[in-house]
Amino acid sequence: MDRKKVVLLVTLITLIGLWFAFDLSQYFTLEQAKAQQLALQDTIAEKPFLSSLVYFAVYILVTALSLPGAAIMTLLGAALFGFWWSLLLISFASTIGATLAFLFSRFILRDWVQAKFGNRIAPINAGIEKDGPFYLFTLRLIPVFPFFLVNLLMGLTPISTRMFYLVSQLGMLAGTAVYINAGTQLGEIESLSGIISVPVLMSLALLGLFPLIAKFIMNIITQRRVYANWKRPEKFDQNMVVIGAGAGGLVSSYIAAAVKAEVTLIERHKMGGDCLNTGCVPSKAIIRAAHTMAEISRAHEFGITTDKPQVNFEKVMLRIHNVIDKIEPHDSVERYSSLGVNCISGEAQILSPWEVEVNGQRITTRNIVIATGARPLVPGIPGLQDVNYLTSDSIWSLKVQPKKLLVLGGGPIGCELAQSFSRLGSDVTLVEMAEQLLIREDTDASLLVKESMHKDGVDIKLNHKATRFESITAEDGTRIQRAYLEYNGKEVIVEFDAVMLALGRVANVQGFGLEELGITTTQRGTVDVNDYLQTKYPNIYAVGDVAGPFQLTHAAAHQAWYAAVNGLFGQFKKFKADYSVLPAATYTAPEVARVGINEKEAENLNIEFDVTRYGIDDLDRAITDGEDYGFVKVITPKGKDKILGVTIVGNNAGELLAEFTLAMRHGLGLNKILGTIHPYPTMSEANKYTAGVWKQANAPQALLAWVKKYHAWMRNDKTNSARSSVSTTEDGAVNTANNEAQKIAQPTAPNTQAKLEEEQH
């Protein structure tokens, strides 16, 4: 911090300190104002200009320093100067003081805040730059936050000083008038009976109702502003129209039908969306086949001899499609029609905020839910169109297994399919631009997956970037396909039969009317929605991959509940979408499952936290199953058992995560998990033992030292009691107790119920 900022900060702190040191707030009470009212009125009558100037300056000072007293000064000013003159003084004084506080915050704090938290507050900056004046005006008109907080926080944003002043001057005017009106009435109280006079009661009522009235007016202004160019239908055919029959669309329409609303579901392709047809279901089916192959190849570990297994790729793919066909009735037109949903197959086109056209039919509706999903990203790499490339959508049409498969992208989809095809016999090369696989996960989790994939035969190339492709015909007529990769300034060539693109997914936001309505998208290309999943138009919602921020089936279903309820009943109560406890799993071997924050994210948040880790290689059931690898890692606040996040790496990690997800959702800590009986031997015991590790690390060592003395005294063992006192370290911990605690914290073979109970106690 430079010298000017230090001087200003010291000056401000000194002024605020003097205020409290001399207890100046005692002069800013209603009782004091009433006691001095007559004397002050005489002074004002004698020197009106000087009195007004002094009052004006003091008001600016109090507001600029964010001191308590502005509210009582407003009431006092009204009582002393009358309504109109006090309105003039207070309106300008409060705005000038607010602007000074705004400038103090900007000068002293903004550069530091933007440098330290720039990435996290980037969306706020973007929102202020886009619609800052309207946002500030709303805060001024509806005092949800104290005005001094608004002054300080807005100073950290990009809004200009001139705009801040003008909007504040206009926005605070109505609220100031209400306070002044109350002050003029309070100033006229001559006796206790005056407290219940009609003017005073009306002023107080207006003061309490003002935020609600202002909010109602702002909502009307906002809606008129948004819907200005559209004509609202006099009546509606439907309560809700849902576009897209993936997870988000299906759940939205299901909820609407369940509460007896008229709902239409429009799908241009297949019911069930990506998850059923090209995503979750087929990928897990091929993972199951690959897992079976891996199990057979390990048979000798369990004393079983087998002939060399063979993969019939055509039958593997046939089973995948059979699985899809078996699940398809759950998402079928027949089922949803029986539930009361009007299902239509065709291309939807949004004509207005209340009109959707499909197959030449125009439908009017009170609400629209956009659930159009996403598609695989196909980058514009030179030569890509000349080679045999696949995506997570088209790979399921394969009839012949690629002998050499190149996978671009080391995210969940890329890792899952690369490992599966390698286990089924393909020669797989995986290319990732980043320095680790599964870049969002902790490094230790990523390394375990990398080691396992390497054992399965996947050639992993990190820090490699595909720059171009080529397809040539050899002299013998065979087709040769090559990828040219860049690595540390050098060129690496990889030959392949097919390349699968797993570089992310792009939201489907074009072709059905969003552009014509002016519905905006984010930098990630998803539909821009607020916390209630509303777009620019409050009656149009977006859920699932098209809205983000999570491209997960269960996230889409989660959002769908909020969109449906807010759309159908939002006039009574709206709910903000809550993503605080959202689990996710990557189905590699080992699986990586996570809920809440991981260690990497906790470090970026600059919070104090503890990491508790239990190695699954110590777990009896994992050892018996030959799956003794991986870990459970829990993030908690320093010294507390509240669960902030969990990462599990291991066999069936996604199943193990459920207990932690439930605990986080309902505010249960590690102590509750430790006190829960888990059947032996199961993988779920890993959760209990992790809680045990935390308990031992947070044991009250000073208390245990005295407990040890107590036990020695009970044995009448004066020698051990004295030794216990000597071995106590300066910080109150006992070395011996610490060593024993570490042993208990890492159980190796807890194979009796008695031992379980002993550790719990």
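Predicted model: local features only at pLDDT ≥ 70, side-chain atom pairs only at ≥ 80, totals over all residues.
The protein chain holds 26 helices and 22 strands. Buried residues account for 45% of its 761 residues. The accessible surface of the chain comes to about 39,800 Å². Carbon and sulfur atoms contribute 58% of that surface.

Helix 11 was examined in detail. This helix covers residues 280–297, 18 residues in total. From first C-alpha to last, helix 11 reaches 26 Å, close to the 26 Å expected at 1.5 Å a residue. Its buried residues are V281, P282, S283, A285, I286, I287, A289, A290, M293 and A294. In an α-helix, residues three or four places apart point the same way, because there are 3.6 residues a turn. The buried residues of helix 11 pack against helix 10 (273–277), helix 12 (313–327) and helix 14 (412–423).

Helix 11 is also joined to helix 14 by charge. Side chains of opposite charge can pair when their charged atoms come close. K284 forms a salt bridge with E416, with the closest N and O atoms 3.6 Å apart. K284 lies in helix 11 and E416 in helix 14, so the pair ties together parts that are 132 residues apart in sequence. E416 is buried, at a relative accessible area of 7%. K284 is partly exposed, at 27%.

The whole structure contains 20 salt bridges. In one of them, R613 pairs with D444, the closest N and O atoms being 2.8 Å apart. R613 belongs to strand 20 (residues 609–615) and D444 to helix 15 (residues 443–455), so this pair ties together parts 169 residues apart in sequence. R613 is partly exposed, with a relative accessible area of 43%. D444 is also partly exposed, at 21%. Both residues take part in a network of salt bridges that links D442, D444, E599, R613 and K633.

A further salt bridge joins D545 and R505, with the closest N and O atoms 3.9 Å apart. D545 sits in the loop between strand 17 (540–542) and helix 17 (553–569), and R505 in strand 16 (residues 505–507), so the pair ties together parts 40 residues apart in sequence. D545 counts as buried at 15% relative accessibility. R505 is buried too, with a relative accessible area of 19%.

The surface also carries a nonpolar patch of about 480 Å². F49, L50, L53, V54 and V58 make this patch. V54 lies in helix 3 (residues 48–64). V54 is partly exposed, with a relative accessible area of 47%.

Conventions: Residues numbered from 1 in each chain as written. Heavy atoms only, no water. Helix = DSSP H or I, 4+ residues; strand = E, 2+ residues; numbered from the N terminus. Buried < 20%, exposed > 50% of the residue type's maximum accessible area, 1.4 Å probe, protein only. Areas by Shrake-Rupley, 256 points an atom, 1.4 Å probe, with all protein chains shown as cover. Expected span 1.5 Å × (residues − 1). Contact = heavy atoms within 4.5 Å. Patch = residues over 30% accessible without salt bridge, like charges linked within 9 Å, V, L, I, M, F, W, Y side chains within 5 Å. Salt bridge = Lys/Arg side-chain N within 4 Å of Asp/Glu carboxyl O.
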